[in-house]
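Please open the model in your viewer and keep the selection tool at hand. The tour below goes from one selection to the next and says what can be found at each stop.

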Amino acid sequence: MFKYAAPYQWPKGYTSAAVFSADVDGESPYIWRNRGKTVETLGEIEQRRFGPRVGLSRILGLCEEMGIKGSFYVPGWIAKTYPEILPAIAGGGHEAAAHGYFHERVDELGEAENDLILDRSIKVFKSQIGKAPVGYRSPSWELTPTVHKCLRKRRFLYDSSLMGMDHPYSLDGLAEIPVQWFIDDAPYFRYVGGPVDKAPPANPASVLEAWTEEFEATRETNGLFMITIHPWISGRGQRVRMLRKLLTKVCTTRGVWVTTAEEVARYHQKSANAKTFAMKLKLVSTDVSL
Ligand SMILES: [Zn+2]
């Protein structure tokens, strides 16, 4: 009856998967948000610069300590501004993937602008690490059919911005490696001391408990545990300690395939799952006339 309720089939020996991913945004979203304005305040921008300056190296160090390879989504502008970032990610054997150029909102731009953004990003990746990204994650996890088309035109292997399922699926032939807001660090820890902050930063101990519970639930449903962090948010003391505890649990649990989003996408595309969980990309009709 429920066409897509079948369990996802992981490679032999695995019953679920886990991907550690980081969106290396730094100050790029702030620059996009304030584009064209004169900015004379340093509070948020310096907080965000902590990511490229310090946070990322701590997160890469944690991955090395844990013996895992992660997926790192880097806006082109960040890569260009901090030219050590992409080589450090690729040099550590991790996946470096696209995440917009200025961390722009893709739904505010047309096809030509989105084409330009992707091409500019690809050019930076090629010049710094010698290869184009195969994975894409949209800034702020917003996507449009236009951008999806731009990705397919460039033969991206996968997108990782949507939440239509809690394991990989296919949208118009492009692999979707889904994300989840409740295993993203931003809703819990992002705090810039301004009107957008609804509550103080969460206690890492309670986040560890919630994320561990989600990890167990993912195993029960043969799903994908896609952790998303931001080095400017989670590259700090007690959050790094929390991630160490979480990753220790993930890496020592049998039957969990701990890998990159790229590897998951490559497996998905050649497995029977690509057909079982194939969907058509479509927008909903907003005609509500009776
Ligand atoms: Zn981002």
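A crossing of two helices is called left-handed if the near helix is turned anticlockwise from the far one by less than a right angle, and right-handed if clockwise. The model is a predicted one, in which local features need pLDDT of at least 70 and side-chain atom pairs count only at pLDDT 80 or more, while totals for chains, interfaces and linings use all residues. Residues are numbered from 1 along each chain as its sequence is written, and side-chain values use heavy atoms, with hydrogens and water left out.

**First selection: α8 and α10**

Select residues 204–220, which form helix α8, together with α10, which covers residues 237–251; helices here are DSSP runs of H or I with at least four residues, strands are runs of E with at least two, and both are numbered from the N terminus. The axes of α8 and α10 are 10 Å apart and the helices pack at an angle of about 25°, which makes α8 roughly parallel to α10. Such axes are lines fitted to C-alpha atoms, for helices over the stretch in contact, and the angles run from 0 to 180 degrees between N-to-C directions. Angles under 35 degrees count as roughly parallel, over 145 as roughly antiparallel, 65 to 115 as roughly perpendicular and the rest as oblique. The crossing of α8 and α10 is right-handed. On the α8 side the contact (heavy atoms within 4.5 Å) includes Trp211 and Phe215, and on the α10 side Met242 and Leu246 are among the residues taking part. By class this contact has nine nonpolar, two polar and four charged residues, where Ala, Val, Leu, Ile, Met, Phe, Trp, Tyr, Cys and Pro count as nonpolar, Asp, Glu, Lys and Arg as charged, and the others, Gly among them, as polar.

**Next: α2 against α10**

The axes of α2 and α10 come within 11 Å and cross at roughly 25°, and that makes α2 roughly parallel to α10. The crossing of α2 and α10 is right-handed. In α2, Arg58, Ile59, Leu62, Glu65 and Met66 meet residues of α10 that include Val240, Leu243 and Leu247.

**Then: glycine 70**

Is glycine 70 buried or exposed? At 0% relative accessibility, glycine 70 counts as buried; the word means under 20% relative accessible area, with exposed over 50% and partly exposed in between, using a 1.4 Å probe and protein chains only. Leaving aside residues up to four places away in sequence, glycine 70 touches Phe20, His94, Glu95 and Thr260.

**The nonpolar cores**

Select Phe20, Phe72 and Val74, which touch the most other members among the 46 residues of the largest nonpolar core. Such a core is a set of buried Ala, Val, Leu, Ile, Met, Phe, Trp, Tyr and Cys residues joined through side-chain atoms within 4.5 Å. A second, separate core has 24 residues, including Val179, Ala261, Ala265 and Tyr267.

Asparagine 273 is found in helix α12, residues 273–276, and is buried, with a relative accessible area of 3%. Beyond residues up to four places away in sequence, asparagine 273 touches Tyr8, Gln9, Tyr267 and His268.

Finally, select helix α5 (residues 111–129) and helix α6 (residues 145–153), whose axes come within 10 Å and cross at roughly 45°. The two helices, α5 and α6, are therefore oblique to each other, and their crossing is right-handed.
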